[in-house]
Amino acid sequence: MCGIIGYIGRSNNVGEILLEGLKRLEYRGYDSAGLAIINNGKMVTEKMPGKIIKLEEKLRDIDLSGSVGIAHTRWATHGAPNKVNAHPHYDSKMNIALVHNGIIENYTTIKKSLEAQGHKFRSETDTEVLAHLIEKFYNGDDLEYAVQKALEVVEGTYGIIVISVSEPNKIVGARNGSPVVVGVGDKEYFIASDVAAILKHTRQVIYLEDQQMVVATPDSFTTMTVENEKVEHVITEVDWDLEMIEKSGFEHFMLKEIFEQPDTIHNAMRGRLIRETGKARLGGLNMNDDQLRNVRRIVILGCGTSWHAGLLGEYMIEETARIPVEVEYASEFRYRNPLMEEGTLVLAISQSGETVDTLAALREAKSKGARVMGICNVVGSTIARETQEGVYIHAGPEIGVASTKAFTSQITVLSLFALAMGRIRSISLSEGQRMIDALLALKDQVSLILESNNKIREIAEEYHHHNNFLYLGRGANYPVALEGALKLKEISYVHAEGYPAAEMKHGPIALIDENMPVVVIAPRDAAYQKILGNINEVRARKGRLIAITDEGNDELLKIADHVIFVPTTLDFLYPILSVIPLQLLAYHIAVLRGCHVDQPRNLAKSVTVE
């Protein structure tokens with residue numbers, strides 16, 4: 001959840017480096033922020049509740065020179081979001097400073113023990129306990145040893161960075177369950193929770209595994225386990241451009257990322273479609289045709305938007321490959337002793353590749369003998385490393401907390417997987433080629449939908465004062481209704497519910513009156529007459545109707561208050577198109593309501609604590 005960054009090296013402007021890194025990480029946490037710098041043998045520190053800009057204003061008259069420091073932007077778990085609970089946290093003597101992403105589960109027990117030994121605590125956080133625990137084992141000249149000893153005691157998750165006034169030319173980082181990346185520069189090193197924080201300075205990175213540490217000085221670095229066994233790491237080059245994590249003239253990252261979807265959808269299928277054979281080739285899928293034929297059941301794991309993508313994957317795979325599919329909330333999966341019989345393939349979906357619930361669920365599946373495939377966006381992420389096979393969605397960095405381009409890229413990859421499975425099990429060459437042609441047409445079709453942006457903004461102007469919305473869809477468009485409602489809830493704080501349209505008469509219809517906007521996804525497919533009946537039922541009760549339908553379906557112009565047209569495509573790809581207007585509608589409503597679109601309250605981009 002939180003964002004951490006540390007620096008050691010030849011630069012004397014560590015404060016500037018840390019503040020810049022925090023701004024890149026603000027989407028990970030925004031309750032408070034702080035930093036600590038070692039300057040001329042003293043710990044220079046400041047913390048502020050609220051956005052990073054408040055911390056920056058506070059620091060304007062403070063000397064932030066130095067060559068080693070740490071910083072943190074917080075998403076509160078333990079303790080209110082105030083100055084005292086903000087990170088960094090310190091030991092008793094203000095000699096050690098620490099920033100932390102994660103949760104120390106046994107902190108209460110440790111705190112009581114340390115208090116009995118005379119330690120005085122300043123905050124309500126679990127993190128401060130770790131700083132004091134390191135102090136207990138620290139003799140002033142071996143910080144990594146003290147960190148190792150402290151980590152033997154704690155239970156829970158952590159991504160930490162630690163510095164000490166006693167050793168001003170050393171910085172220590174460690175991870176267990178919370179991501180930590182090490183940036184390797186020219187006689188300078190960066191430790192962070194996210195590549196975005198360090199991309200301006202280096203593309204050379206190392207991803208720490210769980211139970212691993214890094215110790216860096218201005219001249220060198222060493223990686224090891226928390227048991228002090230040396231570990232050799234391969235340096236990876238990040239292929240993102242700095243421009244990709246800038247707004248590039250857009251008012252918000254979310255709008256930029258919505259408008260990137262023609263390219264990101266295309267990138268998800270680039271080089272993976274073979275029209276001559278009507279097949280999809282997924283390079284990370286280390287299973288031959290016989291192994292794929294032997295798959296008897298598929299379980300898809302995800303949380304939030306990724307779970308919605310999984311629901312769409314269920315429709316695609318069952319329809320195309322005729323394999324039974326179950327979609328599970330990763331957050332619940334491991335707590336119910338799931339059955340993983342022979343022939344089960346598990347797909348774990350996560351944009352960040354670090355979602356703690358999804359990671360725990362896939363580990364549970366692996367422990368029961370299932371084969372696990374990862375579908376994620378971030379190269380080198382934990383899920384990418386811990387799955388036997390996987391597919392990157394190639395959406396590029398997604399900074400907006402509310403996922404948009406990652407969602408459509410996830411669906412695109414799932415459609416490729418469905419095609420790959422379908423061609424070896426059930427569908428013909430001509431059907432495979434028809435699917436490929438439809439996939440290749442998506443880029444231009446999404447671009448065409450984006451031309452309706454101004455029209456959708458006008459619709460938002462009419463409805464942004466409403467506090468309740470209902471979203472309806474049938475078949476594969478039911479998950480789109482769920483996703484449209486989630487987007488509205490996430491960024492505009494409007495109560496919205498997504499329902500299967502056929503369920504409207506089983507309860508939600510009681511809510512419909514002239515004050516209830518109802519968004520209906522209504523393609524002219526086999527269920528069109530059914531969804532048309534739902535539309536007429538809403539109209540009869542004076543509900544305000546916003547319809548998403550195919551180009552040329554003028555029939556709905558006579559019934560609905562507003563109609564947004566999308567191009568015609570295959571039924572199982574329609575959700576990729578129909579969700580775009582819903583993303584724009586949520587965005588514009590949030591802006592008109594004065595909400596912080598990119599950093600909605602109480603949410604963080606990557607959920608790395610349970």
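**Helix pairs and a parallel sheet in a predicted model**

Helix H7 and helix H13 cross in a right-handed manner. H7 covers residues 261-269 and H13 covers residues 405-425, and their axes come within 9 Å while crossing at roughly 30°. Angles under 35 degrees count as roughly parallel, so H7 is roughly parallel to H13. On the H7 side, the residues that take part are Gln261, Thr264, Ile265, Ala268 and Met269. They meet Lys405, Thr408, Ser409, Thr412, Val413 and Leu416 of H13. Sorted by class, the contact of H7 with H13 holds five nonpolar, five polar and one charged residues.

Helix H16 (residues 478-492) packs with helix H18 (residues 574-592) at an angle of about 20°, and the two axes lie 9 Å apart. H16 is therefore roughly parallel to H18. The crossing of H16 and H18 is right-handed. From H16, the contact draws on Val480, Glu483, Gly484, Lys487, Leu488, Ile491 and Ser492. Their counterparts in H18 are Pro575, Ser578, Val579, Leu582, Ala586, Tyr587, Ile589 and Ala590. By class, 10 nonpolar, three polar and two charged residues make up the contact of H16 with H18.

Attention now turns to a sheet. Five strands form an open sheet with parallel pairing, in the order S18-S17-S19-S20-S21. Strand S18 (325-329) and strand S21 (389-392) stand at its edges with a single partner strand each, so one side of each has no neighbour in the sheet. From one strand to the next, the twist averages 20°. Strand S17, residues 297-302, pairs with S18 in the parallel sense over five bridges. In one of these pairings, Ile298 has Val325 in S18 as its bridge partner. A helix also joins the picture: H9 (residues 305-321) packs on the sheet and touches S17, S18 and strand S19 (344-350). The direction of H9 makes about 175° with that of S18.

Finally, the view widens to the protein chain as a whole. Its secondary structure amounts to 18 helices and 26 strands. The radius of gyration of the chain is 25 Å, close to the 25 Å given by the globule rule for 610 residues, so the chain is as compact as a globular protein of that length. Along its principal axes, the C-alpha trace spans about 75 × 55 × 45 Å.

Note on methods. Residues numbered from 1 in each chain as written. Predicted model: local features only at pLDDT ≥ 70, side-chain atom pairs only at ≥ 80, totals over all residues. Heavy atoms only, no water. Pairing = 2+ DSSP bridges. Helix = DSSP H or I, 4+ residues; strand = E, 2+ residues; numbered from the N terminus. Axes fitted to C-alpha atoms, helices over the stretch in contact; angles between N-to-C directions. Contact = heavy atoms within 4.5 Å. Parallel < 35°, antiparallel > 145°, perpendicular 65-115°, else oblique. Left-handed = near helix turned anticlockwise from the far one by under 90°. Nonpolar A, V, L, I, M, F, W, Y, C, P; charged D, E, K, R; others polar. Rg over C-alpha atoms; globule rule 2.2 N^0.38 Å.
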